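I opened a new page for this chain.

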Amino acid sequence: MLTGPLLIAGLVLALASSAWGLLGAPAEQLQGDSVRILFIHVPAAWLGMGGWSAIAIASLAELVWRHPLAGIAARAVALPGAVFSAICLLTGSLWGRPAWGAWWVWDGRLTSMLVLFLLYCAYLALADAAGRDGAGGSRLPAIFGLVGAVNIPIIHYSVLWWNSLHQPPSISMGQSTMAPAFLWGLLAATLGFSLIFGGVVLARTRAILADMQAEARLRRRASELADA
């Protein structure tokens, strides 16, 4: 029921904030017009990290409490999480070219974000293999989801731990160094893309459940035919 409203509201907010970033927001004093890409890059980065955090929580619930929907929820989150991580890397590269003079540098933040994208790809492969083998309750993807969460604080603190070209966080708990013209547009973009993320996760959850039910019916039918 919530899938449609989430997607519609998210698209409206994301498009409106992106349009503001492209046409309405002022150019930044040092970076000029290239800073406008932050309205897509920053929400994508946050959702990439948030997606894996959700996978880790669902994996913990699957391993500890054996919640029947936990593994399905983790699988539903993985694909949109991977997509937003890829968007983060792509937009970061486009932003880095005018800012740093290079499409890519082996910076701590960039490298750890690339690792996150590769972790998503590996998780998707593991979950798909577990599903094909009929091991829907396999613990391996859940263990991988928990272990991969180690990379999240590395991404967050990389600009503080290492000498990084990447700028430090402009928004921290309870304070911001960002100008209001950028801050409110960025918050709106983040909310919009988050609603899209939530809508996609709900749609994927329903699709995964439908596939599992269809597979169970086929197996039951095959067993009945074999017994006959």
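What does the accessible surface of the chain come to, and what share of it belongs to carbon and sulfur atoms? I read about 12,800 Å² for the chain, with 70% belonging to carbon and sulfur atoms. The areas come from the Shrake-Rupley method with a 1.4 Å probe, and for residues only the protein chains shown count as cover.

Notes on the source. This is a predicted model, in which local features need pLDDT of at least 70 and side-chain atom pairs count only at pLDDT 80 or more, while totals for chains, interfaces and linings use all residues. Residues are numbered from 1 along each chain as its sequence is written, and side-chain values use heavy atoms, with hydrogens and water left out.

Fold. I found 7 helices and 2 strands, where helices (H or I, at least four residues) and strands (E, at least two) are DSSP runs numbered from the N terminus. The order from the N terminus is α-α-α-α-α-α-β-β-α. I then looked at contacts (heavy atoms within 4.5 Å). Of those between residues at least 6 apart in sequence, 76% join residues at least 24 apart.

Burial. Of the 228 residues, 37% are buried. The classes are buried (under 20% relative accessible area), exposed (over 50%) and partly exposed (in between), with a 1.4 Å probe and protein chains only.

Nonpolar patch. I looked up a surface patch made of Leu60, Val64, Trp65 and Leu146, with about 400 Å² of accessible area together. Patch residues have over 30% relative accessible area and no salt bridge; like charges are joined within 9 Å, nonpolar side chains (Val, Leu, Ile, Met, Phe, Trp, Tyr) within 5 Å. A salt bridge is a side-chain nitrogen of Lys or Arg within 4 Å of a carboxyl oxygen of Asp or Glu. Helix α2 (residues 38–65) gives the largest share, 3 residues. Trp65 lies in that helix and counts as exposed because its relative accessibility is 62%.

Aromatic rings. My search of the whole structure gave 7 aromatic pairs. Rings of Phe, Tyr and Trp (its six-membered ring) pair if their centres lie within 6.5 Å; planes under 30 degrees apart are stacked, over 60 edge-to-face, the rest tilted. Trp52 and Tyr120 are edge-to-face, at 5.1 Å centre to centre and 75° between the planes. The pair links helix α2 to helix α4 (residues 108–132), 68 residues apart. Both Trp52 and Tyr120 are buried. I also noted Trp104 and Trp106, edge-to-face at 5.4 Å and 80°. Trp104 is partly exposed at 30%, and Trp106 is exposed at 66%. Trp52, Tyr120, Tyr123 and Phe144 form one aromatic cluster.
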